[in-house]
Amino acid sequence: MTLQIMSQLGEFIGGVGVIFTLVYLAVQVRSNTSSQRADMTARVLERLAAQQHTFGFDVAANKFFMQSVSDPAKISIEDRSRFQWVMTEFLSSMEFLKQQHAAGNIEEQVWLRWANTLNFWLSFPGVRTYWACRATPYTDSFTDYIDQQIADNDYSFNVDNYEHYMRTGKTPAN
């Protein structure tokens, strides 16, 4: 084997090595991106879960929240201020989820689950009042989305069944 052939063979092997390295790096970047997306989704869902936990297990917080979403005119100005902070946190998390879904970073089924949850809370007069009087700006696309949800007045659940359950602890058929 001549020196020239060995040189060409070395260049060929080096080229294959470069291609292999680039493919390996692409796979690693893709894997890392997927991990970052999952981590980001987990963090925002943890924020939402923390809010749910507070209102689900703290009797006073639950009472405050249910009064606030039902009729904010019946709560004190201090409680309306607290409610504003709660709604800002919740809606900011929802805005982030929507943005990340639009960017392809949140799976469709995860977004739909939370879009339906958002839809549920938008059925409450206190949430609608907060939205109409909000001091916190949101992105134009999120504002348009919420405004459309409120205007549609079409919910992802049976409002009558839910109201009956909350009043009686039973479904209307029971």
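Is Arg47 buried, partly exposed or exposed, and what is its relative accessibility? Arg47 counts as partly exposed because its relative accessibility is 37%; buried means under 20% relative accessible area, exposed over 50%, and partly exposed in between, with a 1.4 Å probe and protein chains only.

1. Basis of the note. This is a predicted model, in which local features need pLDDT of at least 70, side-chain atom pairs count only at pLDDT 80 or more, and totals for chains, interfaces and linings use all residues. Residues are numbered from 1 along each chain as its sequence is written, and side-chain values use heavy atoms, with hydrogens and water left out.

2. Fold. The chain contains seven helices and zero strands, in the order α-α-α-α-α-α-α along the sequence. The chain is more spread out than a compact globule, because its radius of gyration is 26 Å, well over the 16 Å that the globule rule gives for 174 residues. That radius is taken over C-alpha atoms, and the rule is 2.2 Å times the number of residues to the power 0.38. Helices here are DSSP runs of H or I with at least four residues, strands are runs of E with at least two, and both are numbered from the N terminus.

3. Dimensions and packing. The C-alpha trace spans about 95 × 40 × 35 Å along its principal axes. Of the 174 residues, 28% count as buried. Among contacts (heavy atoms within 4.5 Å) with a separation of 6 or more, 66% are between residues 24 or more positions apart.

4. Surface. Accessible areas come from the Shrake-Rupley method with a 1.4 Å probe; for residues, only the protein chains shown count as cover.

5. Nonpolar patch. Met1, Ile5, Met6, Leu9, Phe12 and Ile13 make a nonpolar surface patch of about 680 Å². Patches take residues with over 30% relative accessible area and no salt bridge, joining like charges within 9 Å and nonpolar side chains (Val, Leu, Ile, Met, Phe, Trp, Tyr) within 5 Å. Ile13 belongs to helix α1, residues 3-57, and counts as exposed because its relative accessibility is 52%.

6. The whole structure holds three salt bridges, each defined as a side-chain nitrogen of Lys or Arg within 4 Å of a carboxyl oxygen of Asp or Glu. In one of them, Arg47 pairs with Glu89, with the closest N and O atoms 3.0 Å apart. This pair links distant parts of the chain, since Arg47 is in helix α1 and Glu89 is in helix α3 (residues 77-102), 42 residues apart. Glu89 is partly exposed, at a relative accessible area of 30%.

7. Other salt bridges. Asp79 and Arg82 form a salt bridge at 2.9 Å, N to O. Both residues lie in helix α3, three residues apart, about one turn of the helix, and Arg82 is partly exposed at 42% relative accessible area. Lys74 and Asp71 also form a salt bridge, with the closest N and O atoms 3.9 Å apart. Here Lys74 is exposed, with a relative accessible area of 72%, whereas Asp71 is partly exposed at 28%.

8. A buried glutamine. Gln149 sits in helix α6, residues 140-152. Gln149 counts as buried because its relative accessible area is 19%. Leaving aside residues up to four places away in sequence, Gln149 touches Asn119 and Leu122.
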